[in-house]
Each structure stands twice: as structure tokens, then as C-alpha cells.
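Subject: Structure handover

Hello,

Here is the structure for your files. My notes on it follow below.

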Amino acid sequence: MSIDLNSGLIALAPELVIVLGAVSLLMIGVFATGSGVRIVNGLAVAILIFAGALVILMPTDGTAFNDAFVSDSFTRFMKILTLIGSAVTLVMSVGFAKAERFDKFEFPVLIMLATLGMMFMISANSMLSLYMGLELQSLALYVVAAINRDSVRATEAGLKYFVLGALSSGMLLYGISLVYGYTGTVEFEGIAAAVTNGEERQLGLLFGLVFVLAGLAFKISAVPFHMWTPDVYEGAPTPVTAFFAAAPKMAAMALLVRVVMDAFEPLTSDWQQIVAFIAIASMVLGSFAAIGQSNIKRLMAYSSIGHMGFALVGLAAGTQAGVRGVAIYMLIYLAMTLGAFAFILAMRRKGGNFENISDLAGLSSTNPLMATALTVLMFSLAGIPPLAGFWAKWYVFLAAIEADLYALAIIGVIASVVGAFYYLRIIKIMWFDEPLGRLEPVQGELGTVLGVSTVFTLLYVIVAGPVEAYAEVAARAFFAG
């Protein structure tokens, strides 16, 4: 269903709020002095919350701007997750900015611009709007990754992300050009219609599909396009790493689901094989490569790679249950990841942050509340029942089994068991090793995020019903016809 321009502007209201807010905050940051950074950061969080309220309170279904922009229940679900990830990241960065001289007003402005790109990615309904949204996000993220110019590690991380990101963008553009050449359109519905009406699948179109999926797989750091992730996660300032692990993953996964379920739906048997391979490779590498990591940020990088593989198991099913599983998985992953990075930001001793896992030794003796919170989150990330992480994997594995993808589900379960080792190792270090000293008191905002995330993870079964119902409505957007 197409909607008129006025309705299209209404559907675009959250994005308009963010872009106007970003421009205004840029001006405030330039001219403000003293506590200007905190003001810009606080206003950025308020604008993102307001945009999220608009997403919820002004639901508009249909397409606009010559079908380049789509709004439905799935876009609203994923936009809310993305906005939560961005807003919480800004909240968590306050204490870090004060302690580590990370007081740059450009950071919240760039986060808002990246979020704007993510919102357009989620609502993309053509290859052109897909690329515009993705590049708007990427250009802001390149700068954010290297925003700490005094750090060699951060500069190296930003450069690696930029070079590999440019490569992935080139692959994506080449894939889009092939798809356009063989279908004669860039609109998702037009591509699906052209593929359906074709007498046989053309080899060039399949190459285009492969290149498009490769470009999008880079954005979710799926194997074999994951090589940037550990270095960027370790080198970038921790609030930036938290942002990379949260919001961009929501938008990129939503875009991947939209592309395969709308544009390439007639080629399901072909993209299923690609997605299943990427899922297996990501799960296996994420589980084994993290075992030897001593830096907790690098460990979270490999953990993220593995979790994207688990989420892709649901997408590989190609069913409504699979899309619902992906939506639920991304919500739970977001909660667990934000909580874990709130803890990492709180890892301070003697005036400085530390990142080595061994430095958490004996934390249960000196700060039992923090140790308990991280224990719950690590058990959940490992998929131990009845915590939220178990149910996330339950939904995607169940969808795979219902789609007769038994081998994929079995490999996923084995990878999950292997991956549990490095989560349990952190728990063992905290509870059974000799203590090294007390951590500094947790900042109020970090304690709040860590507490909320832990409670949600621990008591997910209480809210599982409404979450599953909302995810079911979101998934139905692709199967209503």
C-alpha cells in the first residue's frame, strides 16, 4: 500500500526529529563552553527518546517516496531497539567522558547521525535508499571509531574499519549494479516480481545476490567478513565499542532480513544456502576464537560474531517463525550486550580502566553485587536456562528445526556448548581466584544500566509473552500477503 506525501512525512517524523536535533546540537556544541558537552549529551538522549516515542505513537503502514521508504510493524520493532541502543550508549558514556577526558561534543552528534542512517536502513525499500542509509551510518561510524585522536589504538581501529568498510561498500555496490542490470529495477518489490516472472534463474543475478549479502554481512560482522571486529572493539574507546556492539547490529540485521524476505524472496533456496553457511562459520569461529582471549573487549567482539551467527540461524529458516526468532534474539542480545558493556565501563581501579579478564580475580569477595550481575549476564550469553539468552537461542533453533534444517540446529547447539567455556572462565576467575583489590564505586548511570539489564535477563520469562507477541506482529509484516 502506498501512502501520500503528507502521510510519508508523518512516517518520516522520527527521522526528521533526529536530523533537526543533530544540526541544532552541533550548533550548541560549537558555541557552548564549560559543561556544553554534558548538555549536548543529555539533549541527544532526550531527542532519541522522543524519536522512539514517535515511532510507537505514530504508526503508519505502507510505502512512501516512490516506494523507497517502507513503514510497518517490523520497521517499528527494529527502530525501537536501535534507538534504545543509541540512547543507552550515550547515557553510559557520561562517566567515561569525565574520567578519561573523552569530553567531545561531536560524539553524541555523530551517534545521532549514525542512528539516522540506521533508521533509513531499517525502512529501506529499494537498493538506493538501502545504500544511502548504510553510507550515512558508515561515514559517521568511521569517525566515531577513531574519535580519540590521542590514542594510537583508536586511530588504528578507525583506519582498519574505514578501509574494510570501503571494500564492503564496493562489493555491495557491485552487487546492486548486477541486480539492477538483470532485473531493470532497484525497488525490492520490482526485483521480486522480475525474478518471479523470469523463466530461469540467471547466473549474473545470483552473483549480484552473493555480493549484496557479502556487503551486508560485513555490517553485522559475520564470518568471513568479521576481520575488523576484534581490532575495532579493542582499539576504540569503550563507549564507542558498546555502540558498535549494539545499535548498528540491530539496523544491519533488520536490513538483511528485509532484503532477503522482500527483494529476494523468490530465490529463497539460493540465499538460504548462503545464510546457513555464514551462520555456521560465525557460530564456530565465535565460539573457538574467543577461548584464548585475555582482553574482555576482544572477547566480546568474538562473542558478538558468534551471536550474529545464532541470529542468522532463524533467518536461514526463511519462515515467519524464523523472522520472529531473529527479532526476539536481537532484543535479548541488545539487553545482554548493553549490560556487559556497562560492567566493562565500570571496571576501574586506582583511577584508570582495565580490560584484562585476569584483573577481575576475586571480584566476588570485594564487590559481590557486581560479580553477581556479570555472572547472570555471562550465564545468559552462554545460553543457560532459564535466563533470557537460552530463550533467544530456543526460538531460532526451533525455527530451524521446523524448517527441516536439522544440521544447522545441531551445529548451533554444539557451538553454544563450546562458547560457554569462555563465559564460564570469567565466572570462575571472579568467584574462585584470589582477589587483586577493590574496584572503584560504580557510576550511577552505569549501575542503572547494569541493574536493569541483569533484572531483564534474569526475569525474562515474566515478560516473554508480550515480547513474543510483539515479535510475532513484526514478523507478520513479511507474510501478510
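Arg-258 and Asp-262 form a salt bridge through their side chains, at 3.2 Å from N to O; a salt bridge here is a side-chain nitrogen of Lys or Arg within 4 Å of a carboxyl oxygen of Asp or Glu. The two residues are four apart in helix 12, so about one helical turn separates Arg-258 from Asp-262. Helices (H or I, at least four residues) and strands (E, at least two) are DSSP runs, numbered from the N terminus.

This is a predicted model, in which local features need pLDDT of at least 70 and side-chain atom pairs count only at pLDDT 80 or more, while totals for chains, interfaces and linings use all residues. Residues are numbered from 1 along each chain as its sequence is written, and side-chain values use heavy atoms, with hydrogens and water left out.

Salt bridges

Arg-258 also meets the side chain of Asp-72 in a salt bridge, at 3.0 Å from N to O. That pair links distant parts of the chain, 186 residues apart: Arg-258 is in helix 12 (residues 247-263), and Asp-72 is in the loop between strand 2 (69-71) and helix 4. Asp-72, at 9%, counts as buried, whereas Asp-262, at 21%, counts as partly exposed.

The structure holds eleven salt bridges. Another of them joins the side chains of Glu-234 and Arg-298, at 2.9 Å from N to O. Glu-234 in helix 10 (residues 229-235) and Arg-298 in helix 14 (residues 296-317) are 64 residues apart, and the pair links distant parts of the chain. Both Glu-234 and Arg-298 are buried. They also belong to a network of salt bridges that includes Arg-153, Glu-156, Lys-160 and Asp-231.

Second largest pocket

The second largest pocket has a volume of about 350 Å³. Of its 14 lining residues, the closest to the centre are Ile-84, Val-88, Ala-335, Leu-338 and Val-452. The search runs on a 1 Å grid over the protein atoms alone; a pocket is an open set of points where a 1.4 Å probe fits, with protein on both sides within 12 Å along at least five of seven lines, and lining residues have an atom within 4 Å of a point. Grid points are joined across faces, edges and corners, and the volume is the space filled by probe spheres set on the points.

Helix 4 (73-99), helix 15 (320-345) and helix 20 (444-458) each supply at least two lining residues, and helix 20 gives the most, with five. The lining divides into twelve nonpolar residues, two polar and no charged. Domain 1 (1-254) and domain 2 (264-480) both contribute to the lining, so the pocket lies between them.

Backbone

A cis peptide bond joins Val-223 and Pro-224, with omega about 10°. Pro-224 lies in the loop between helix 9 (203-219) and helix 10. Ser-221 is in the loop between helix 9 and helix 10 and has a positive phi, near 55°. At 0% relative accessibility, Ser-221 counts as buried.

A cis peptide bond also joins Pro-385 and Pro-386, with omega about 0°. Asp-404 has a positive phi near 65° and, at 52% relative accessibility, counts as exposed.

Regards

Conventions: Ala, Val, Leu, Ile, Met, Phe, Trp, Tyr, Cys and Pro count as nonpolar, Asp, Glu, Lys and Arg as charged, and the others, Gly among them, as polar. Domain bounds come from an automatic or database domain assignment. Buried means under 20% relative accessible area, exposed over 50%, partly exposed in between (1.4 Å probe, protein chains only).
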